[in-house]
Amino acid sequence: MKKPFQTTAQRSSLWLDAWFKLRKNRMALFGFSVLLILCVVSLLTPWIAPYSYEAQDLMLGATPPSVAHWLGTDIFGRDMLTRIMYGGRVSLMVGFIATAVALVIGILWGSIAGFVGGRVDAVMMRIVDIMYALPFMIFIVLLMVVFGRNILLLFVAIGAVEWLTMARIVRSQVMALRKQEFIEAAYSMGLSRWAIIRRHIIPNTLGPVIVYTTLTIPSVMLLEAFLSFLGLGIQPPQSSWGLLINYGVETMEEYPWLLIFPGITLSLTLFALNFLGDGLRDALDPRASKD
Amino acid sequence: MALLEVNNLKVYFHTRNGVVKAVDDISFSVNSGETLAIVGESGSGKSVSCYSLLDLLPKPPAVIEGGIANFDGEDLLSCSTDRMRQLRGNHIAIIFQDPMTSLNPFLTIGEQLIEPLIYHPEKSQRLNRKAARIEAINLLDEVGIVNPDSRFDSYPHEFSGGMRQRVMIAMALINKPRLLICDEPTTALDVTIQAQILKLIKQLQQTRDVAVIFISHDLGVVAGIADKVLVMCDGKTQEQNTTHKVFYNSTSDYTKKLLSAIPSGAKTKASGAQQGLDLVRVSHVKTYFKDFSNSENSPVKAVDDLSFSIKKGEIFGLVGESGSGKSTLGRSILQLAPLTAGSVHYSDTEISTLNPNQLMRWRPKLQMIFQDPYASLNPRMTVYETLAEPLLYHAIADKKTVAKQVQQLMDDVGLDRSSVLKYPHEFSGGQRQRIAIGRAIATQPEFIVADEPVSALDVTIQAQILALILSLVEQRNLTMLFISHDLSVVRSICDRVAVMQQGKLVELNETEKLWDKPEMPYTQELLKAIPPANPA
């Protein structure tokens with residue numbers, strides 16, 4: 001025996017093992033570090049940003065990167081680095097919170113529908129179908145009319161749309177799992193339905209869920225940009241990466257740095273998320289090799 | 001000179017964890033009209049040795065490290081890819097284990113049969129569709145398909161497993177091969193079907209004068225069909241001799257171990273049944289399923305009006321072929337499949353009328369062991385978690401004592417304590433079944449339904465698991481419903497046996513009485529189909 005039985009046995013679990021495996025995966029660790037740095041920088045932005053996000057210097061106009069302005073300035077003479085840093089606050093927050101909302105609702109909805117099956121499943125999935133069919137814009141506009149413009153509302157609105165696909169993915173996973181013998185074994189052991197869902201079903205759906213999550217976060221960030229562009233999300237002079245990219249596209253030919261730097265930031269986030277997602281998926285699957 | 005002569009074949013797998021010597025210096029030969037059986041447990045390299053001859057192995061990781069395979073004057077191991085393709089189509093054919101997955105579900109079997117005839121690699125030998133059809137129909141007739149003319153246009157799903165294997169044999173024979181490799185062709189089939197297929201292979205071999213290599217894990221199956229036997233273990237030859245000598249004059253300890261593991265004869269332990277005490281009473285149980293494939297909406301009668309009772313302390317055998325409803329019955333007794341009618345009593349309680357919440361309190365007493373130890377364990381839970389879950393959930397152990405109890409369970413089912421933190425995929429099939437058994441006995445049940453607990457296991461492992469089950473039943477005073485399609489296994493451990501066919505009870509008697517004097521024709525047929533344990 002390598003280690004004393006009691007201490008290790010009680011502490012070891014899927015999540016702990018996953019963490020040990022993740023630590024050995026360099027790409028995932030890189031992704032994790034990048035995300036961590038981005039988050040820390042975003043948190044500290046009000047204190048470390050070189051300029052104010054709304055300070056305009058019309059005399060300056062759009063200037064390419066220089067010593068004073070590392071990433072250049074936009075057409076109003078605002079410092080790009082500062083705007084990207086402030087933009088990160090919004091984009092990361094929307095990305096993570098809206099995705100978390102989608103994740104929680106989607107997993108619960110999908111696993112209950114898939115596991116219970118029958119009429120409950122039919123009703124729950126028809127609701128999903130209806131939500132799918134509802135034009136997204138109308139839904140958002142309705143929310144805006146009822147609750148007024150609010151950044152929290154943005155999270156709710158995006159989360160409320162993104163969970164639909166998650167629910168479908170989880171449901172199909174669960175339906176395949178439900179017929180497995182180990183679920184029947186859990187039944188015969190006398191576990192309650194909820195215990196079976198929590199302990200046996202959800203952990204086994206994690207693979208596709210994690211992959212889909214890493215795809216959802218960037219698409220949520222772009223969705224925020226789209227809404228902001230339409231005047232429903234963030235308003236200038238506030239910024240977000242999506243918004244910066246949108247304005248950057250307009251002036252791409254004259255002032256390419258206005259597109260390039262926010263673009264690089266978003267791509268870097270995307271890469272980091274994908275590496276981390278792949279690493280997590282492998283780490284959470286005990287069957288993937290241990291080394 | 002033999003048709004195929006293999007000398008010093010070595011196939012290694014270069015994996016991340018080092019080199020695995022799957023086949024390590026194997027030599028054998030087979031002549032026209034002769035059957036060579038290659039026998040070994042899973043992982044012994046018996047299939048790899050044959051697949052390497054046909055270049056069917058994934059390379060890498062597989063590397064043929066050495067050897068010569070002389071097929072009619074040609075070395076199979078060094079011939080070109082094109083030549084190999086010709087050989088595979090025309091001279092060497094292979095039949096795989098699972099007839100369900102070896103046929104294309106989107107094409108009629110006729111279409112699949114004539115394909116090699118109308119796209120023959122040598123243009124001069126190509127047939128037109130009409131001629132190919134006639135040829136294929138003749139062949140279907142030869143392998144025992146009834147109404148071959150109309151069945152020609154049927155799809156694979158319209159055939160039963162045994163019929164599909166016949167179609168596979170027909171496909172293998174269509175280009176008149178001189179060597180036929182059968183890779184466990186009857187393992188997925190019922191015992192009566194197995195007997196028919198074995199007879200067919202033997203008969204075809206004699207009429208067509210082909211050489212047959214028959215790969216099997218089951219010495220019993222081999223006994224009636226092979227001329228020579230090669231016993232393999234861990235990639236090495238353990239013994240190679242005529243079938244008669246291997247069975248009666250074996251020189252190898254390993255072969256002797258394999259032979260002794262074949263269940264045969266009656267149960268040696270006395271029955272633990274307590275007279276007059278019925279623990280489980282099944283009366284007029286019916287379990288029907290909706291059949292969505294037929295339009296008349298008549299249900300599938302999986303279990304159709306069955307009544308019997310199981311005495312406290314006995315091992316009650318339930319045998320039948322696939323589709324006979326025996327597994328459904330086991331699940332219905334445990335209330336895992338809803339009853340359509342009838343009742344199930346456990347001691348004095350009618351458990352078939354309890355609601356799910358009331359039932360939950362009974363579950364710990366009624367447990368189940370499943371057939372497939374690969375599917376019945378949660379792949380994301382360690383052994384510790386799997387065994388601790390029922391203990392903690394039913395408050396049999398608290399957080400302080402659970403580790404100790406898990407340890408005790410692992411000792412009881414013969415698992416090494418140090419593997420407590422491993423996941424199911426890190427174990428072999430037999431060890432996994434031990435984990436599953438450990439989970440079933442964790443709640444200290446009184447009654448266990450064992451649904452084919454050893455059918456997925458090698459014969460030596462099977463013997464060990466059966467011994468474990470027997471000793472647990474004795475020590476813990478268990479009552480067991482033992483479901484199996486393997487009559488020899490049932491005979492070796494059960495006190496009474498019920499025979500099921502198409503949802504109905506055919507015969508029920510004490511094991512030895514049933515064996516001595518089977519009353520119903522179906523039972524007689526089943527008993528006759530058991531492959532002889534020794535060559536005649």
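1. The largest nonpolar core contains 214 residues, and Val222(B) and Phe482(B) have the most contacts inside it. A nonpolar core here is a set of buried Ala, Val, Leu, Ile, Met, Phe, Trp, Tyr and Cys residues joined through C-beta atoms within 7 Å. Buried means that 20 or more other C-beta atoms lie within 10 Å of the residue's own, with C-beta atoms placed from the backbone. The largest share of this core, 14 residues, comes from α4(A).

2. This is a predicted model: local features need pLDDT of at least 70, side-chain atom pairs count only at pLDDT 80 or more, and totals for chains, interfaces and linings use all residues. Residues are numbered from 1 along each chain as its sequence is written, while chains are lettered from A and ligands numbered from 1 in the order in which they are written.

3. Which residues does Val222(B) touch, leaving aside neighbours within four places in sequence? They are Ala37(B), Val39(B), Phe214(B), Ser216(B) and Val229(B). Contact means C-beta atoms, placed from the backbone, within 7 Å.

4. Helices α4 (residues 80-116) and α11 (residues 257-283) of chain A have axes that come within 11 Å and cross at roughly 35 degrees. Helices are DSSP runs (H or I, at least four residues), numbered from the N terminus. The axes are lines fitted to C-alpha atoms over the stretch in contact, with angles from 0 to 180 degrees between N-to-C directions.

5. The contact between chains A and B takes 27 residues from chain A and 30 residues from chain B. On the chain A side, α8(A) gives the largest share, six residues.

Key
Two residues are in contact if their C-beta atoms, placed from the backbone, lie within 7 Å. Helices (H or I, at least four residues) and strands (E, at least two) are DSSP runs, numbered from the N terminus. A residue is buried if 20 or more other C-beta atoms lie within 10 Å of its own, exposed if 12 or fewer, and partly exposed in between; C-beta atoms are placed from the backbone.
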